[in-house]
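Trainee: I'd like to learn how to read a model like this, one feature at a time. Can you walk me through it?

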Amino acid sequence: MNASNNLSRRSFLTGATMLGASVALFGLNGCAPRSTADAAEEEVDGGTFDIVVVGAGGAGMAATVGAVDAGASVVLLEKMPVAGGNTCFAEGGMNACCTKYQAEAGIEDSVALFANDTYEGGHELGNMELITYMCANSNDALEWLGSMGIVLSKLSTSGGASVPRIHRPESGEAVGKYIVKGMAKQCADRGVAAKCNMDANEIIMEDGHVAGIKATNAAGRTVVYHSKAVIMTTGGFGANHKMLAQYRPELLDAVTTNQPGAQGDGIVMGTEAGADLVDIGQIQVHPTVEQTTATLLSEGIRGDGAILVNTDGNRFINELLTRDVVSAAEWQQPGKGAWAVFDKKVYDENTSIKEKFIARNIITVADTLESLADKMGVPQEAFMATLDSYNQNIADGTDDPLGRWKSLYPIDEAPFYAVAVAPGIHHCMGGLRIDDKAQVLDADGNPIPGFFAAGEVTGGIHGGNRLGGNAVCDINVFGRRSQQTAVEYVQQS
Amino acid sequence: MSETSNSPQTAEQAEKTPQPRKRRKGIVVGSIIAVVLIVAGAGFWVWHEQPSFCNAICHTPMDSYVDSYYADEGAEGSVVTHAKANVKCLDCHEAKIDEQVTEGIHWVSGDYVFDGNANVLESRSFATEEFCLNKNCHNMTLDELAETTSDMPWNVHNFSEHGVTDCGTCHSMHGQSTIACSECHKEATEDIPDGWTCIPYGEER
């Protein structure tokens, strides 16, 4: 490791110079250094860029990659030690319509149908302008990811969707970590890997337009980034229970599926810079969260065939209704939760069951349905009657008495699995008000110059309830959109 | 004529004769100075290579770092492991003359930040993948690194979900090393190696 043990001419000269320098230093007393408290007041120059992207989740990385490819100089800030944000936890897939994968499967879909599902699923609260933009550009975004080797080719069904339109990795792995892995590499390849442990906390405004971002680095120093545009992609506030409880007091003690960095930083920074908020009290609880570890059991697992059974051994709802409806039904059950029950077929389609549930020992496994009931502690007779009736109806083609009309697959292939689930905080539908150019709007509906946003930090798309697969669609479509508008803005100003 | 012709000769001779003596004296003096400089320079270079040099001059800011280098095995900070492998301060803090002069000026003028309570300088983490994983130090790729810890129940070096993080996020050379995975991954809280700690699961920042 040492350069050399031989005394080269260079090292001799270095040594001699050091000797001279140290003799000079010996004659002097070092002045007292500054304290860390003093230093915290000082600002460090982080540099000047066209665009600062705040938050290295799916939306932030999509914006960064697109902006760099459009020729902009970009810095991507992330307060957590690693990139990915809540996108890391996305399990299901990406909704997109009119894709080649749908065409191959002979599925007829349209922007209007996708938009209508999103609007209806969101209790007719969403902004149709934003919804239509997302749906109309969903296939483009899917193809764009595919062009970078991030291929979502496996088509499946998800709650609230009229036709199969959720696209997942072919391997069956969770979509989020697949995208994050791919996009983190795309960012790194472009020389803009996320600056981690850099906690943005203020948008610098000058004369009514954005002029940069102030952040705090790992040493506690304030770092100032100068830029014409800021793209806010900080995610929601699903891990900030105090903020959640402002709008939904009953969620103060609820478990959350959100990563701990989801503290609503972008909401706070944005409102300080004059942004308006929309649907801010609309918070989604997800019906299938394992409670001891807050591990999410993907909606795709119900989409692939899982049913929900209460502690009495009975089904109680069409499992493929929207998340809010299924969550509300679970809260009505004894113990305010349920068991998700499925067989080998579902297990084989979803690698997250092995990676998360088996690995964390939070799943019940048995070779027969009878012994599964015993291990779950539910009455065997009632449980068997429920399963026999469910399987028999599928075999006979009889309508499901609870109205389930899709993803009807018999639960008949050992081994059998059960996970105890209950609702958990999942997604913030509300946030910064944006238009379909991803410009952040003030209370008068005017764009704040230089301020753009995408992803869960924004509101207005998902209305009162987000459909599974629409968050991954949102981050990619609007992540790209925010970057396109920001690059135009930077070029014009 | 003879006088006029002689005197320049004499003067020439008088000037010529003492000159070689002076030159020889100069060479001797020069040689002595050179030898002293070589010996001093070499001695200084050897001293400069020792960790003890670092806090001999810049004693205030460097004491805790040099103490940590000489600490017993099991003390916090992976500098101890590096010290056992005979890695010296300058192997990581590479000696570049321009940087050292700049640092010297910063020290003399007090233009640096020091935490008097913890006795440490302001952190300037530079332990990136590029810095640590090189052919002279940890000669391996990220995949090979992940392989070295594949027997851990939670493989702390498997970054496949996140791209990569900086080595310095978890590994602290002069302080407590802390596993960061555990903030989101509960499994990572369950098997903490000796001398390590971890961020509690689900902690709000």
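**Reading the two chains**

Mentor: Read along the sequence, chain B goes α-α-α-α-α-α-α-β-β-α-α-α-β-β. That amounts to 10 helices and 4 strands. Keep in mind that this is a predicted model.

Trainee: And how many helices and strands does chain A have?

Mentor: Chain A has 17 helices and 20 strands. Its C-alpha trace spans about 95 × 60 × 45 Å along the principal axes.

Trainee: Next, sequence separation. How do I read the contacts in each chain?

Mentor: Take the contacts between residues at least 6 apart in sequence, then ask what percentage join residues at least 24 apart. In chain A that share is 73%. In chain B, residues 24 or more positions apart account for 38% of the contacts with a separation of 6 or more.

Trainee: How many charged side chains does chain A carry, and how far apart are the centres of the two sets?

Mentor: There are 35 positive and 59 negative side chains in chain A, and the centres of the two sets lie 8 Å apart.

**Strands and their partners**

Trainee: Let's zoom in on a strand. Is strand 11 of chain A buried or exposed?

Mentor: Count its residues one by one. In strand 11, residues 283–290 of chain A, 8 of the 8 are buried, so the strand is largely enclosed by the rest of the structure.

Trainee: Which strands does strand 11 of chain A pair with?

Mentor: Look for the bridges. Strand 11 and strand 16 of chain A (residues 416–428) run antiparallel, joined by 5 bridges. One place to look is A:His286, whose bridge partner in strand 16 is A:Gly424. Strand 11 of chain A is also joined to strand 12 (residues 295–296), again antiparallel, by 2 bridges. There, A:Val289 stands opposite A:Leu296.

Trainee: What do strands 11 and 12 of chain A form, and what's in the turn?

Mentor: They form a hairpin with 4 residues between the strands. In the turn, A:Ala294 has a positive phi of about 55°.

Trainee: Where do strands from the two chains meet?

Mentor: An open sheet of 3 strands has the order 1(A)-1(B)-2(B), with mixed pairing. Its edge strands are strand 1 (34–35) of chain A and strand 2 (120–121) of chain B, each pairing on one side only. Strand 1 of chain A pairs with strand 1 of chain B (residues 113–115) in the parallel sense over 2 bridges. In that pairing, A:Arg34 has B:Val113 as its bridge partner.

Trainee: Now a charged residue. Is A:Arg360 buried or exposed?

Mentor: A:Arg360 has a relative accessible area of 19%, so it counts as buried. It sits in the loop between helix 14 (351–358) and strand 15 (364–366) of chain A.

Trainee: Which side chains make polar contacts with A:Arg360?

Mentor: Check both chains. The side chain of A:Arg360 has a polar contact of 2.6 Å with that of A:Thr295, and one of 2.9 Å with that of B:Glu187.

Trainee: And where is A:Phe316?

Mentor: A:Phe316 is in the loop between strand 13 (307–309) and helix 12 (323–331) of chain A. With a relative accessible area of 15%, A:Phe316 is buried. To see its surroundings, leave out residues up to four places away in sequence: A:Phe316 then touches residues including A:Leu308, A:Ala329, A:Ala338 and A:Leu402.

Trainee: Last one: which residues are buried in helix 10 of chain A?

Mentor: In helix 10 (residues 265–272), A:Gly266, A:Ile267, A:Met269 and A:Gly270 are buried.

Note on methods:
Residues are numbered from 1 along each chain as its sequence is written. Chains are lettered from A and ligands numbered from 1 in the order in which they are written. This is a predicted model: local features need pLDDT of at least 70, side-chain atom pairs count only at pLDDT 80 or more; totals for chains, interfaces and linings use all residues. Side-chain values use heavy atoms; hydrogens and water are left out. Buried means under 20% relative accessible area, exposed over 50%, partly exposed in between (1.4 Å probe, protein chains only). Two strands pair if DSSP finds at least two bridges between them. A polar contact is a pair of N or O atoms within 3.5 Å; within protein, one must be able to donate a hydrogen and the other to accept it, and residues adjacent in sequence count only if both atoms are side-chain atoms. Contact means heavy atoms within 4.5 Å. Lys and Arg count as positive and Asp and Glu as negative; His and the chain ends are not counted. The place of a charge is taken as NZ of Lys, CZ of Arg, CG of Asp or CD of Glu.
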